[in-house]
Structure formats: C-alpha cells, structure tokens
Amino acid sequence: MQATSFTYDSETRTGSVLLDDGTPVDFDAPAFDAGGLRLLRPGQRVRIETEGEGASLRITLVTLQTL
C-alpha cells in the first residue's frame, strides 16, 4: 500500500502517514526500523505494510516508495 509521510519524530522514530483517502495512520518505532530508513521527511511518498483493518489498522513497515 502507498501513503504520504505526514509527521516524523527522529528521537522516537515514530510518526504518521496519510493514506490516499486522507486518513491519518500512526506508526511506531518497530515499523520504522523494519523499513531500514534513517530519516523521513513530511511529503515523501512511502510504501507501507499493514495488518488489521478499520480502527485496529496497524502499520508494520514503512519504507520509501520507488518506481
């Protein structure tokens, strides 16, 4: 799934993305670390992997979207 980086805190390695429908979804440090990224800037296009749905949707991986 693709999304757009919305917020990122480099100290805690947590943040949020916006899904294409505008829904914000938070991610935690393990999801960020799983993607192997060092930094994330707001507005960057990212690829995410998730589990669950609706209110229990959880991001398990955040990485940069490459074409």
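1. Start with the β1–β2 hairpin: 4 residues sit between the two strands, and arginine 13 in the turn has a positive phi of about 60°. Strands here are DSSP runs of E, at least two residues long, and helices are runs of H or I of at least four, both numbered from the N terminus. The two strands run antiparallel and are joined by 6 bridges; strands count as paired if DSSP finds at least two bridges between them. Serine 5 faces valine 17 of β2 across this pairing.

2. A word on provenance. This is a predicted model, in which local features need pLDDT of at least 70 and side-chain atom pairs count only at pLDDT 80 or more, while totals for chains, interfaces and linings use all residues. Residues are numbered from 1 along each chain as its sequence is written, and side-chain values use heavy atoms, with hydrogens and water left out.

3. Arginine 13 counts as partly exposed because its relative accessibility is 31% (buried is under 20% relative accessible area, exposed over 50%, partly exposed in between, with a 1.4 Å probe and protein chains only).

4. Now the next turn along. β2 and β3 also make a hairpin with 4 residues between them, and here glycine 22 carries the positive phi, about 90°. The pairing is antiparallel over 4 bridges. Valine 17 stands opposite valine 25 in β3, and valine 17 is also the residue opposite serine 5.

5. The whole sheet is open and has 5 strands in the order β3-β2-β1-β4-β5, with antiparallel pairing. β3 (24–27) and β5 (58–64) are the edge strands, each pairing on one side only. Ignoring direction, neighbouring strands are turned by 40° against each other on average; the axes are lines fitted to C-alpha atoms, for helices over the stretch in contact, with angles from 0 to 180 degrees between N-to-C directions. Between β1 (residues 2–9) and β4 (residues 45–51) there are 3 bridges, again antiparallel, and glutamine 2 stands opposite arginine 47 of β4.

6. What about the core? The largest nonpolar core has 14 residues, and the ones touching the most other members are Val17, Phe27, Leu40, Val46, Ile48, Ile59 and Val62. Two or more residues each come from β1, β2, β3, α1 (29–34), β4 and β5. By definition such a core is a set of buried Ala, Val, Leu, Ile, Met, Phe, Trp, Tyr and Cys residues joined through side-chain atoms within 4.5 Å.

7. Not counting residues up to four places away in sequence, serine 16 touches Ser5, Phe6, Thr7, Val25, Asp26 and Phe27.

8. How many salt bridges turn up in the whole structure? The search finds 4, a salt bridge being a side-chain nitrogen of Lys or Arg within 4 Å of a carboxyl oxygen of Asp or Glu. One of them brings us back to arginine 13, which meets aspartate 33 at 2.8 Å, N to O. That pair links distant parts of the chain, 20 residues apart, with aspartate 33 in helix α1 and arginine 13 in the β1–β2 loop. Aspartate 33 is partly exposed because its relative accessibility is 39%.

9. Arginine 45 forms one with aspartate 20, the closest N and O atoms being 2.9 Å apart; arginine 45 is in β4 and aspartate 20 in the β2–β3 loop, 25 residues apart. Arginine 45 is partly exposed at 31%, whereas aspartate 20 is exposed at 59%. Glutamate 51 and arginine 58 meet at 3.1 Å, N to O. Both count as partly exposed, glutamate 51 at 45% and arginine 58 at 41%.

How values were computed. Contact = heavy atoms within 4.5 Å.
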